[in-house]
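Okay, thanks for coming, everyone. Let me put the sequence and the model up on the screen, and then I'll walk you through it.

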Amino acid sequence: MSELAGIRRGSLCDEVIAQLREQIASGTWPVGERIPPESELVERLQVGRGTVREAIKALAHIGLLEVRQGDGTYVKSRSELAGALRRQMLNVTERHVQEVRRALEVEGARLAAQRRTDEDLVAMAAALDERDVHAKAAADLGRWDESWGVPWVEADVRFHQAVVLASHNPMLAEMYMEMSAELSALLLSAAAQADHEPYLVRGHRTLLDAIRVGDEQAAILEAVHNIEAALDKLS
């Protein structure tokens, strides 16, 4: 990961903005965490306080940072694309979210069948293994319970994230990862309302198998089937 360095040439504010953006985009400063205080940034970047404040204001304006008076400045989004998507999701319906999810997951599955690595397959299988453990707990209990429901949803979302990450398309992955919080909330709500319906314990092994053998068409069909089942619940 890159380190902040003193600014030597060009527009001071633009250079500071570029360095701060790099810390955010690379994950050095994760979403939700507070960035170093102004005094530390001034010292590390070797610029004036006014330049640091101007850069932070600019990044806050485009949605990457959030300034909380009396508390500090926090990372809000990793990119303008992520910030815009997050704002858009505040004004759409569940069906809209699921339809966009379908577009991203289907293309993600197709590309994953082309590009997945051994590490990608391990990540997908691990998420499904954990999902199955909690699905068995659901079957044994026969009703919704947070002790298995919340971990089941978390494992399910991790599997879908792993599929899309296996596409090795950074823009596709970024858009999908930004949707993950909303997707988790939708799945939790659906699971709680359904109590213990069969779709909650249905696995995604066939999708994983299609990706493993590089069968693009099978991966597409499995991904479509999964999302259509969710959309049918909204009919």
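Quick housekeeping before I go on. This is a predicted model, so local features need pLDDT of at least 70 and side-chain atom pairs count only at pLDDT 80 or more, while totals for chains, interfaces and linings use all residues. Residues are numbered from 1 along each chain as its sequence is written, and side-chain values use heavy atoms, with hydrogens and water left out.

Back to R53. Which residue does R53 form a salt bridge with? That's E38, and the closest N and O atoms are 2.8 Å apart. E38 sits in helix α2, residues 38-45, and R53 in helix α3, residues 49-61, so this pair ties together parts that are 15 residues apart in sequence. By a salt bridge I mean a side-chain nitrogen of Lys or Arg within 4 Å of a carboxyl oxygen of Asp or Glu. Helices here are DSSP runs of H or I with at least four residues, strands are runs of E with at least two, and both are numbered from the N terminus. E38 is partly exposed too, at 21% relative accessibility.

How many salt bridges are there in the structure? We get 14.

R110 pairs with E107 in a salt bridge, with the closest N and O atoms 2.7 Å apart. Those two are three residues apart in helix α5, residues 94-115, so about one helical turn separates them. R110 has a relative accessible area of 24%, which makes it partly exposed, and E107 is partly exposed at 30%.

Then there's D129, which makes a salt bridge with R205, closest N and O atoms 2.7 Å apart. This one links distant parts of the chain: D129 is in helix α6, residues 118-141, R205 is in helix α9, residues 205-213, and they are 76 residues apart. D129 comes out partly exposed at 43%, and R205 is partly exposed at 31%. Some salt bridges also share partners, and in that way E38, R49 and R53 are joined into one network.

What about rings? The charged end of R68 sits over the ring of Y74, 3.8 Å from its centre. To count, NZ of Lys or CZ of Arg has to be within 6 Å of the ring centre and within 35 degrees of the ring normal.

Now the overall picture. The protein chain has ten helices and two strands, and along the sequence the pattern goes α-α-α-β-β-α-α-α-α-α-α-α. There are 235 residues in the protein chain, and 41% of them count as buried.

Helix packing next. At what angle do α5 and α9 pack? It's about 40 degrees, with the axes 6 Å apart. That makes α5 oblique to α9. Axes are lines fitted to C-alpha atoms, for helices over the stretch in contact, and angles run from 0 to 180 degrees between N-to-C directions. Under 35 degrees is roughly parallel, over 145 roughly antiparallel, 65 to 115 roughly perpendicular, and the rest is oblique. On the α5 side the contact is made by A109, A112 and A113, and on the α9 side by L207, A210 and I211. Contact means heavy atoms within 4.5 Å.

Let me finish with two residues. Is T73 buried or exposed? T73 counts as buried, at 12% relative accessibility. T73 lies in strand β2, residues 72-75, and leaving aside neighbours within four places in sequence, its contacts include E33, I35, I56 and V67. T73 and E33 are 40 residues apart along the chain, with their C-alpha atoms 8.5 Å apart.

The other one is H134, in helix α6. H134 counts as buried at 16% relative accessibility, and beyond its neighbours within four places in sequence it is in contact with W148, P151 and W152.

That's my tour, so over to you.

Terms used:
Buried < 20%, exposed > 50% of the residue type's maximum accessible area, 1.4 Å probe, protein only.
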